[in-house]
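Please open the model in a viewer and keep the selection panel at hand.

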Amino acid sequence: MTKISKIETFSNEFVCFTRVTAEDGAFGWGQTSTYNADITAQVLHRQVAPHALGQGTEDILGLVRRVEEKEHKFPGSYRCRALAGLDTALWDMAGRRSGKPVVELLGGRPGRLRAYASSMKRDITAVDEAARLCRLRDDHGFDAFKWRVGAECGHDIDEWPGRTEEVIPTVARALGDGMAKLVDGNSGFSPARAIEVGRRLEAEGIGHFEEPCPYWELDQTKEVADALSIDVTGGEQDWDLIVWRQMIGMRAVDVVQPDVMYMGGIARTLLVAGMAARAGLPCTPHSANLSLVTICTMHLLGAIPNAGKYLEFSIEGDDYYPWQVGLFRGEPFAVEDGKVRIPEEPGWGVEISPDWLDRAAYKVSEIAA
């Protein structure tokens, strides 16, 4: 058994990369969840690293469970966000050791993966949203698209009056036939309003209605799912395996959408994907920015048997996500004919920019010499 000797973080407010080193010098790169990542880095060093240092690198799920048990009084989102930094670095280490991409360690293989162009904006008119999605269709070959309706946690109050009723048909009809069409409610609606909106989606050939009701109200989401013929989806915010068992057991959603980084890494996400597979539900993970979360999700989708139809691929650039610019060397997110490439290089198959690392706040936890 090769033991962990050092855990390092490189962070700013938005991103925290991790490097885990073993006693034999082997290392791997990972990432905690984005947003308040500097706080997550503190959690990692205070409540994860002490239980991981000196432990073996091979049994990733076993190590994650050890941390969970040692920190059982803190079963919250930040613990999972921090665990993701440990988990994803250990998967990268395992891939580097074996000379294989993580997708192969998970039982899949690298290759091309269909992506859907995912809009993050609500402060955009229906006409402008339709125009930019059509440009992506024409310039990059995307054949699947998601846009936003309602307002985030909006209590049935739209981003501005009438936007939902306008943006649904305007974008759907502009994209035309033969395109997969998805919308995201971001917990914006009551069940009655969600069902009303859902009927409009059905009429326009939109097949995916994401997080229509407050995500923590599983009964409300189930009410919508039972009423509509299209897929009602959700789960991006959820990290608690008990909630996942409830959600899947009651079939509150038709498609599960765990986020690798919110969940605490690949090992815990595989547990959710496995639950969903046994229930006959597809898994289309949430990956809403171009950090390591999307790379990890590529590898996951290339391996799980109940992978959904496509990868979520954010279309927002540095005007919306300035913090995601310059994270990696090269072009790991190149799109051709609406598809991305699952890396075939060892581990995650990407290289973090040294310039970004040089600018980040650094901290290390290690076994004393």
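Begin by selecting E7, H8 and E8, which together form a right-handed β-α-β unit in this predicted model. Strand E7 covers residues 208-210 and pairs with E8 in the parallel sense, over three bridges. To find one of the contacts between these strands, display Phe209 and its bridge partner in E8, Val232.

How many cavities of 30 Å³ or more does a search of the whole structure find? The search finds two.

For the largest cavity, with about 60 Å³ of space, select Glu211, Pro212, Cys213, Tyr215, Leu218, Thr221, Thr233, Gly234, Gly235, Asp238, Met247 and Val253, which line it. Helix H8 (218-227) and strand E8 (231-234) are the elements that give two or more residues to this lining. Colouring the lining of the largest cavity by residue class shows six nonpolar, four polar and two charged residues.

Finally, move to the second largest cavity, which holds about 40 Å³ of space. Select its lining: Trp29, Asp92, Arg96, Leu292, Trp348, Gly349, Val350 and Ile352. By class, the lining of the second largest cavity divides into five nonpolar residues, one polar and two charged.

Note on methods. Residues numbered from 1 in each chain as written. Predicted model: local features only at pLDDT ≥ 70, side-chain atom pairs only at ≥ 80, totals over all residues. Heavy atoms only, no water. 1 Å grid on protein atoms, 1.4 Å probe; cavity = no way out; pocket = protein on both sides within 12 Å on 5 of 7 lines; lining within 4 Å. Points joined across faces, edges and corners; volume = space filled by probe spheres on them. Helix = DSSP H or I, 4+ residues; strand = E, 2+ residues; numbered from the N terminus. Nonpolar A, V, L, I, M, F, W, Y, C, P; charged D, E, K, R; others polar. Pairing = 2+ DSSP bridges. Right-handed = clockwise from strand over helix to strand, strands pointing away.
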